[in-house]
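Here is a short note to read alongside the structure. The points are numbered so that you can check each in turn.

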Amino acid sequence: MFTTTAISLATVTTTVISATGTTAIIEGNVTADGGSLVTARGICWGLNTNPTVSGNKTTEGSGTGTFRSTLTALSTNVTYHVRAYATNSAGVQYGNGETFILTGDKPTAVTDQPLIQSGSAAVLYGTVNPNWAETTVTFEYGLTTSYGTSVPNFEGLLGAGLYDYSVSANIDGLEPGKTYHFRVRAENSLGITFSADRTFTTYGDKPTAVADEPLIQNGSAAVLYGTVNPNWAETTVTFEYGLTNSYGTIVPNFEGLLGAGLTFLSPP
């Protein structure tokens, strides 16, 4: 004569660990197996109460103990229902039902004051809040509000927090003395935000030029001198001379093309 042990459903509980952005972490705990091996366990979730294994579910191994499931690609401002489940030979048992609403939104973005470095280079700045979802940031810039050029921010992917990040990007190859438009583009899984347009003007103007005292070498030769400021744009310099102020003869300066700086250069 022998006595068999009754088999019952497992015992399982459900806990919502976190729910931010588009991701939720749910914990289940199989506290008793009911006298039969738990062969499957996981989390069921959906938009209706008491979700079951016939709908959305995860599978997280077997046996007793705690486990966690990460639910992804969820929507914000929606109430989700979740509960853990455990399966043994007696059937499927569900834990307590829980709900959560994902916090998060598309990012916010503003432009900050840029740093003009020269006639061809600048550093763009902005402030971005990811609003609980990892966020990619780029700067768009150009001579019109059509922009046309895009560069990534120096800081890379922004983490899924709820605080302001300072972002920046170095740009070059600009035209001197021109007004540029720029804006911040911030994108996360919840949407795309463009900051308001902002403008800056690169350094630059037409060059300044002054004729300096020449050096008379003999009755047929002289050295001409002058001082030129390129005003942030590469500058070609020539000397014009002749017997009248119609000049008539042109020669290039000895030093060649002057760089795009803001320095007075005088031929030696």
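This is a predicted model: local features need pLDDT of at least 70, side-chain atom pairs count only at pLDDT 80 or more; totals for chains, interfaces and linings use all residues.

1. Three strands make up an open sheet, in the order β1-β2-β5. The pairing is antiparallel. β1 (11-20) and β5 (65-71) are the edge strands, and each pairs on one side only. From one strand to the next, the twist averages 20°.

2. How β2 meets β5. Strand β2 covers residues 23-32 and is joined to β5 by seven bridges. The two strands run antiparallel.

3. Glu27 and Arg68 meet through their side chains in a salt bridge, at 2.9 Å from N to O. Glu27 sits in strand β2 and Arg68 in strand β5. The two residues are 41 apart, and the pair links distant parts of the chain. Is each partner buried or exposed? Glu27 has 19% relative accessibility, so it counts as buried. The cut-off for buried is under 20%. Arg68 is partly exposed, because its relative accessible area is 48%.

4. The sheet with β10. A further open sheet has three strands in the order β9-β10-β13. Its pairing is antiparallel. The edge strands are β9 and β13, each pairing on one side only. The twist averages 25° from one strand to the next.

5. β9 and β10. These strands form a hairpin, with five residues between them. Strand β9 spans residues 108-116, and seven bridges join it to β10. They run antiparallel. Ala109 has Val128 as its bridge partner in β10.

6. β10 and β13. Strand β13 spans residues 165-171 and pairs with β10 over seven bridges, in the antiparallel sense. Tyr125 stands opposite Ser168 in β13. Val128 has Tyr165 as its bridge partner in β13. Val128 is also the residue that partners Ala109.

7. Burial of β10. Why is strand β10 (residues 122-129) described as largely enclosed by the rest of the structure? Seven of its eight residues are buried, so the rest of the structure largely encloses the strand.

8. The salt-bridge count. How many salt bridges are there by the rule used here? The count comes to three. The rule asks for a side-chain nitrogen of Lys or Arg within 4 Å of a carboxyl oxygen of Asp or Glu. Side chains of opposite charge can pair when their charged atoms come close.

9. Glu140 and Arg183. The side chains of these two residues meet in a salt bridge at 2.8 Å, N to O. Glu140 lies in strand β11 (residues 136-142) and Arg183 in strand β14 (residues 179-188), so the pair ties together parts that are 43 residues apart in sequence. Glu140 is buried, because its relative accessible area is 14%.

10. Arg185 and Glu187. Here too the side chains meet in a salt bridge, at 2.9 Å from N to O. Arg185 has 21% relative accessibility, so it counts as partly exposed. Glu187 is at 32% relative accessibility and so counts as partly exposed.

11. The largest pocket. How much space lies in the largest pocket? About 260 Å³. The lining is made up of 19 residues. Val210, Ala211, Gly226, Thr238 and Phe239 lie nearest the centre of the pocket.

12. Where the lining comes from. β17 (208-216), β18 (222-229) and β19 (238-241) each supply at least two residues of the lining of the largest pocket. Which strand gives the largest share of that lining? It is β17, with six residues.

13. The lining residues of the largest pocket divide into 11 nonpolar, six polar and two charged.

Definitions and conventions:
Residues are numbered from 1 along each chain as its sequence is written. Side-chain values use heavy atoms; hydrogens and water are left out. On a 1 Å grid over the protein atoms alone, a cavity is a set of points where a 1.4 Å probe fits but cannot get out, and a pocket is an open set with protein on both sides within 12 Å along at least five of seven lines; lining residues have an atom within 4 Å of a point. Grid points are joined across faces, edges and corners, and a volume is the space filled by probe spheres set on the points. Helices (H or I, at least four residues) and strands (E, at least two) are DSSP runs, numbered from the N terminus. Ala, Val, Leu, Ile, Met, Phe, Trp, Tyr, Cys and Pro count as nonpolar, Asp, Glu, Lys and Arg as charged, and the others, Gly among them, as polar. Two strands pair if DSSP finds at least two bridges between them. Axes are lines fitted to C-alpha atoms, for helices over the stretch in contact, and angles run from 0 to 180 degrees between N-to-C directions. Buried means under 20% relative accessible area, exposed over 50%, partly exposed in between (1.4 Å probe, protein chains only).
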